[in-house]
Amino acid sequence: MEKSDSPWSVVLTTTDSEALANTIAAALVEAQLAACVSIFPIRSVYSWQGQIHKNGEWQLLIKTRQRQFEAVSEKVRSLHTYDTPELIALSIDQGSADYLRWMDETIKPTTKP
């Protein structure tokens with residue numbers, strides 16, 4: 001699958017508790033891997049191990065740079081309780097110049113191009 005040329009992305013993940021969502025969000029922002037993490041309650045319907053589940057979850061929208069995806073993923077996995085946490089990056093193709101500049105200033109630089 002082709003990767004977008006956009007340097008920014010929103011990474012999605014879900015948790016089963018608000019406390020864990022807050023822990024992950026704080027860890028990502030404190031490590032400067034994300035400029036901001038938005039958290040909100042959702043209802044998920046999914047198949048897991050051959051059964052259909054309908055559960056309340058907490059969705060995290062992690063605003064970051066594309067090249068931080070691996071570091072964000074590692075941090076999320078290190079704190080997460082799910083066997084297979086959702087980790088999906090969506091490219092930010094357009095955005096407010098001021099907001100994207102703020103993201104660049106907030107997220108620590110990486111050594112990867």
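**Close-up views of a predicted model**

**View 1. Strands β1 and β3 form an antiparallel pair.** In this predicted model, strand β1 covers residues 8-15 and strand β3 covers residues 51-65, and eight bridges link the two. Within this pairing, V10 has K63 of β3 opposite to it. As background, the strands of a sheet pair through backbone hydrogen bonds, in either a parallel or an antiparallel manner.

**View 2. Strands β2 and β3 form a hairpin.** Strand β2, residues 36-48, pairs with β3 in the antiparallel sense over 13 bridges. R43 stands opposite G56 in β3. Two residues lie between the strands of the hairpin, and Q49 in the turn has a positive phi of about 50°.

**View 3. Four strands make up an open, antiparallel sheet.** The order of the strands is β2-β3-β1-β4. Strands β2 and β4 (88-91) stand at the edges with a single partner strand each, so one side of each has no neighbour in the sheet. On average, neighbouring strands are turned by 30° against each other when direction is ignored.

**View 4. Helices α1 and α2 cross in a right-handed manner.** Two packed helices are described by the angle between their axes and the distance between the axes. Here the axes of α1 (residues 18-30) and α2 (residues 69-79) come within 10 Å and cross at roughly 145°. On the α1 side, the contact involves L20, T23, I24, A27 and L28, which meet V72, K75, V76 and L79 of α2. Of the residues in this contact, seven are nonpolar, one is polar and one is charged.

**View 5. The largest nonpolar core contains 14 residues.** The members that touch the most others are I24, L28, V37, L60, I62, V72 and V76. Two or more residues of this core come from each of α1, β3 and α2, and α1 gives the largest share, five residues. Leaving aside residues up to four places away in sequence, V37 touches A25, L28, V29, L60, L61 and I62. A second, separate core has eight residues, among them V10, A35, M103 and I107.

Methods. Residues are numbered from 1 along each chain as its sequence is written. This is a predicted model: local features need pLDDT of at least 70, side-chain atom pairs count only at pLDDT 80 or more; totals for chains, interfaces and linings use all residues. Side-chain values use heavy atoms; hydrogens and water are left out. Axes are lines fitted to C-alpha atoms, for helices over the stretch in contact, and angles run from 0 to 180 degrees between N-to-C directions. A crossing is left-handed if the near helix is turned anticlockwise from the far one by less than a right angle, and right-handed if clockwise. Contact means heavy atoms within 4.5 Å. Ala, Val, Leu, Ile, Met, Phe, Trp, Tyr, Cys and Pro count as nonpolar, Asp, Glu, Lys and Arg as charged, and the others, Gly among them, as polar. Two strands pair if DSSP finds at least two bridges between them. A nonpolar core is a set of buried Ala, Val, Leu, Ile, Met, Phe, Trp, Tyr and Cys residues joined through side-chain atoms within 4.5 Å. Buried means under 20% relative accessible area, exposed over 50%, partly exposed in between (1.4 Å probe, protein chains only).
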